[in-house]
Amino acid sequence: MPLKNLLNKKSRRILGLMSGTSCDGLDMAVVDIRGSGRNIRFEIVATGHKAYTERQKSVLLQLVSNQKAPLHLVGKVNFWLARIWAEAVASFLKKNRLSAGEIDAIGSHGQTVYHQPQPETVAGKKVRSTLQIGDPSVLAQLTGITVVGDFRTADMAHGGQGAPLVPYFDWLYYSRFKKNTLALNIGGISNITFIPANGEFGKVTAFDCGPGNILLDQAMQRMYEMSFDRNGNIAARGQRSERLLNYLIKNDTFIHQSPPRSTGREHYGSTFIIKTLKR
């Protein structure tokens, strides 16, 4: 469907895809969207999650954890991941008795494999960069559905930190309550959005505030040989360590940066968790 036709529709049925920092699987949601701006309304039609197999997760983690991954691996996984997602989409739609023809567009975040929000010099020019794989063109071809992607790249091109969707949604949804609101999202990385009571868009503030599941999962893998702490059962048996908390607050350079700021596995990777566990 041409994008101009999609934008002119009074109601749009969108399939959102998200594969986060933890690389645990693909989250999917079909949402009917009506209206625009602060008059927009959402209706959830179906949601689902397709966990990656251990082999698939191993391939992804090998790539995202390797700051010097060879180009041939990046290229191959870029197309391979789009195929994995297309298969997940087909299964998800079938399970929920939906057809590809009923979906106006897929919004695909992509799998972040590298995120560099601070400028670095390349041949005399300072640049910031981010890279997501799971190619939108391949995904569109395999599903037969229009795909919109590269959100993070577009945001950084406009001077942002590469995470435009959550703050915008938070503003659309929470401004209706006319209260100062702080929305906290804990994924692989945690982030917060402040929405002022008057709903003024220019006063909305959002940034990454530190690690989330990315450190919990790595700790589970190294200490218990489990991929994650299901339902927080192991954590619930312990007690908060003030000594560890104070160590992290003192030594984590990211949380002392002034907003706007963003981060990822580049900072909270294996080096970070190994150093912390040794401590």
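Is Arg34 buried, exposed or partly exposed? Arg34 is partly exposed, since its relative accessible area is 39%. Keep in mind for the whole talk that this is a predicted model.

I will start with the charged pairs. Side chains of opposite charge can pair when their charged atoms come close. Arg34 has such a partner: its side chain meets that of Glu43 in a salt bridge, at 3.5 Å from N to O. Glu43 is partly exposed too, with a relative accessible area of 43%. In total, the count is six salt bridges.

Another of these bridges joins Glu102 and Arg13, with 3.6 Å from N to O. This pair ties together distant parts of the chain, the two residues being 89 residues apart. Arg13 sits in strand E1, residues 11–18, while Glu102 sits in the loop between helix H3 (71–95) and strand E4 (105–108).

Next comes the bridge between Arg240 and Glu242, whose side chains meet at 2.4 Å, N to O. Arg240 is exposed, at 66% relative accessible area, whereas Glu242 is partly exposed, at 39%. As for networks, salt bridges with shared partners connect Arg13, Asp32 and Glu102 into one.

Now the rings. How many aromatic pairs are there? The count comes to ten. One of them is Tyr268 with Phe272, an edge-to-face pair with 5.0 Å between the centres and 70 degrees between the planes. Both Tyr268 and Phe272 are buried. Elsewhere, one aromatic cluster is made up of Phe42, Phe169, Tyr173, Tyr174 and Phe177. There is also a charge over a ring to mention: Arg261 lies over the face of Phe254, 5.0 Å from the ring centre.

On to the sheet. Three strands make an open sheet, ordered E8-E9-E10, with antiparallel pairing. Which strands stand at the edges? They are E8 (181–186) and E10 (205–211); each has a single partner strand, so one side of each has no neighbour in the sheet. On average, and ignoring direction, neighbouring strands here are turned by 20 degrees against each other.

If you want to follow the pairing by eye, take E8 and E9, the latter being residues 189–195; they pair in the antiparallel sense over six bridges. Within that pairing, Thr181 stands opposite Ile195 in E9. Helix H6, residues 165–174, packs on the sheet and touches E8, E9 and E10. The direction of H6 makes about 40 degrees with that of E9. Two residues of the aromatic cluster, Phe169 and Tyr173, have numbers that fall within the range of H6, 165–174.

Last, a glycine. Gly75 lies in helix H3, and at 37% relative accessibility Gly75 counts as partly exposed. What separates Gly75 from Gly134 in sequence and in space? In sequence the two are 59 residues apart, and in space 9.8 Å, C-alpha to C-alpha.

To recap, the points to look up in the structure are the network of Arg13, Asp32 and Glu102, the cluster that includes Phe42 and Phe177, and the open sheet E8-E9-E10 with helix H6 packed on it.

Definitions and conventions:
Residues numbered from 1 in each chain as written. Predicted model: local features only at pLDDT ≥ 70, side-chain atom pairs only at ≥ 80, totals over all residues. Heavy atoms only, no water. Salt bridge = Lys/Arg side-chain N within 4 Å of Asp/Glu carboxyl O. Helix = DSSP H or I, 4+ residues; strand = E, 2+ residues; numbered from the N terminus. Buried < 20%, exposed > 50% of the residue type's maximum accessible area, 1.4 Å probe, protein only. Phe/Tyr/Trp six-rings, centres within 6.5 Å; stacked < 30°, edge-to-face > 60°. Lys NZ or Arg CZ within 6 Å of the ring centre and 35° of its normal. Pairing = 2+ DSSP bridges. Axes fitted to C-alpha atoms, helices over the stretch in contact; angles between N-to-C directions. Contact = heavy atoms within 4.5 Å.
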